[in-house]
Amino acid sequence: MRDYNRFVALNRASLGPRNSLIAGKYYRLPTKQAATVAKKKPTATKTVATAARTTSTKVKTPLSNKQLFGPRYGQVSPRSKQLSGTVYYLLSGHGGPDPGAVGKYGSYQLAEDEYAYDITARLAKVLMEHGAKVHVIVQDPNDGIRDEAVLRMDNDEITTPNLVIPLNHVARLRQYTNAINRLHGRYKGAYQRMITLHIDSRSAGLNTDVFFYHHDKSPVGKRLANNIHKVFTARYKRSQPNRPYVGTVSPRSSLYVVRNSHAPTVFIELGNIRNDKDQRRFVIPDNRQALANWICEGLITDYRNRK
C-alpha cells in the first residue's frame, strides 16, 4: 500500500478516474532511494502547478486558524453574532489519495478536491466571523486559503482530528461521516447542520449551475437547501441578468454522507470542472469567495427563520 500511494503521488497528473491507468501514458515507478529521500526531506514542486507533492508535516490537533486558513487569512475578525449558537460541519469532496474530478485548463489540470477545499475553507472563515462553531472535516495543514488560479494538486489532507484518508471510496466516506457523527454527539440540542461541497465532471461542452441535494426524509435538510438555493437564484439574477439560473433542489438519499450523517445535510455540486465557463467559477479567487459568501448568506437565512 505504501508503494501504491507513492506511485499515485508521482503520477497523479497522468492518472484517470479513481487513479486508473490510461493507455499510451508513461508512468514513473517509486524507488527505495526516492522514498528514503522523501522521508528525510519532504519537498514540494514549485515550478509545475499540477505536480503532485507529498509532505510529512506534523499536524497540530486541532489545527489553528492560521493553519486552516493560511498566514494571510488566519486572523478571524468578528463581523456579527448572527450565527451564535450554531454548529456547522463542512466537508470538501474527496481528498488524500483521491483528487476527485479532474479537468484540463490549458496545459494544467484542475482537481476537484483542491477547489472544493479552498471554497470550504473560505466558507468556514466567514461562518466563524458571524459567530458560528465550525468543524472542518477534511483538513490540509499547509494549504489554507489560496489566491492562485491553478491550485497545485497534493495528497496530504487528513480527516479530523488526525486520520489518514483511506484510498477505498466507501471506507473514506465512512471515515468522514463517523467523524461528523462523533462530533454531533457533543452538541445535543444545538442547531447543527452539515454542508458538503463537490465539483462534478461531465461533458466539457456542458455548462452547469449549482445544484443542491438533501435527504428525502429530512424536511430540515430540504428547507436548508431551499434557503441557500434562493440566495443563488437572486445573486445570479443580479450578477448575470441575461442568463437564467437553472440550478435546482432535489432529494438524493443515495449519497452516502447525506444518508448517514446525523446532522441535516446539504450536498452541493458547484459546477462542471471540465467546462471552460464553469472553470471561471473556480479559477478566479473572487468567484470562489462569492460562492462561500452566498452559501453563508443562505445559512444565515435558514438559522434566522428556524422554527
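User: What makes strand β11 count as mostly covered?

Analyst: Look at residues 265–272 of this predicted model. Eight of the eight residues in β11 are buried. Buried means under 20% relative accessible area; exposed means over 50%; partly exposed lies in between (1.4 Å probe, protein chains only). A strand is a DSSP run of E with at least two residues, a helix a run of H or I with at least four, both numbered from the N terminus. Residues are numbered from 1 along each chain as its sequence is written. Local features need pLDDT of at least 70, side-chain atom pairs count only at pLDDT 80 or more, totals for chains, interfaces and linings use all residues, and side-chain values use heavy atoms, without hydrogens and water.

User: How do you know that β8 and β11 pair?

Analyst: Two strands pair if DSSP finds at least two bridges between them. β8 (residues 191–200) and β11 have six bridges, in the parallel sense. His-198 stands opposite Glu-269 in β11. Strand β9 (residues 211–214) also pairs with β11, antiparallel, over three bridges. There, Phe-211 has Glu-269 as its bridge partner.

User: Why are β4 and β10 called edge strands?

Analyst: The open sheet has six strands in the order β4-β1-β8-β11-β9-β10, with mixed pairing. β4 (133–136) and β10 (249–251) each pair on one side only. That makes them the edge strands.

User: What makes Glu-129 and Arg-79 a salt bridge?

Analyst: The rule asks for a side-chain nitrogen of Lys or Arg within 4 Å of a carboxyl oxygen of Asp or Glu. Here the closest N and O atoms are 2.8 Å apart. The pair qualifies. Glu-129 sits in helix α4 (residues 112–129), and Arg-79 in the loop between α3 (65–73) and β1 (86–92), 50 residues apart.

User: Why is Glu-129 called buried, and why is Arg-79 called exposed?

Analyst: Glu-129 is buried because its relative accessible area is 6%. Arg-79 counts as exposed because its relative accessibility is 54%.

User: How do you know that Glu-129 also forms a salt bridge with Lys-125?

Analyst: Their closest N and O atoms are 2.6 Å apart. The two are four residues apart in helix α4, so about one helical turn separates them. Both Glu-129 and Lys-125 are buried.

User: Why do Asp-278 and Arg-281 count as buried?

Analyst: Asp-278 is buried because its relative accessibility is 0%. Arg-281 is buried because its relative accessible area is 11%. Their side chains meet in a salt bridge at 3.2 Å, N to O.
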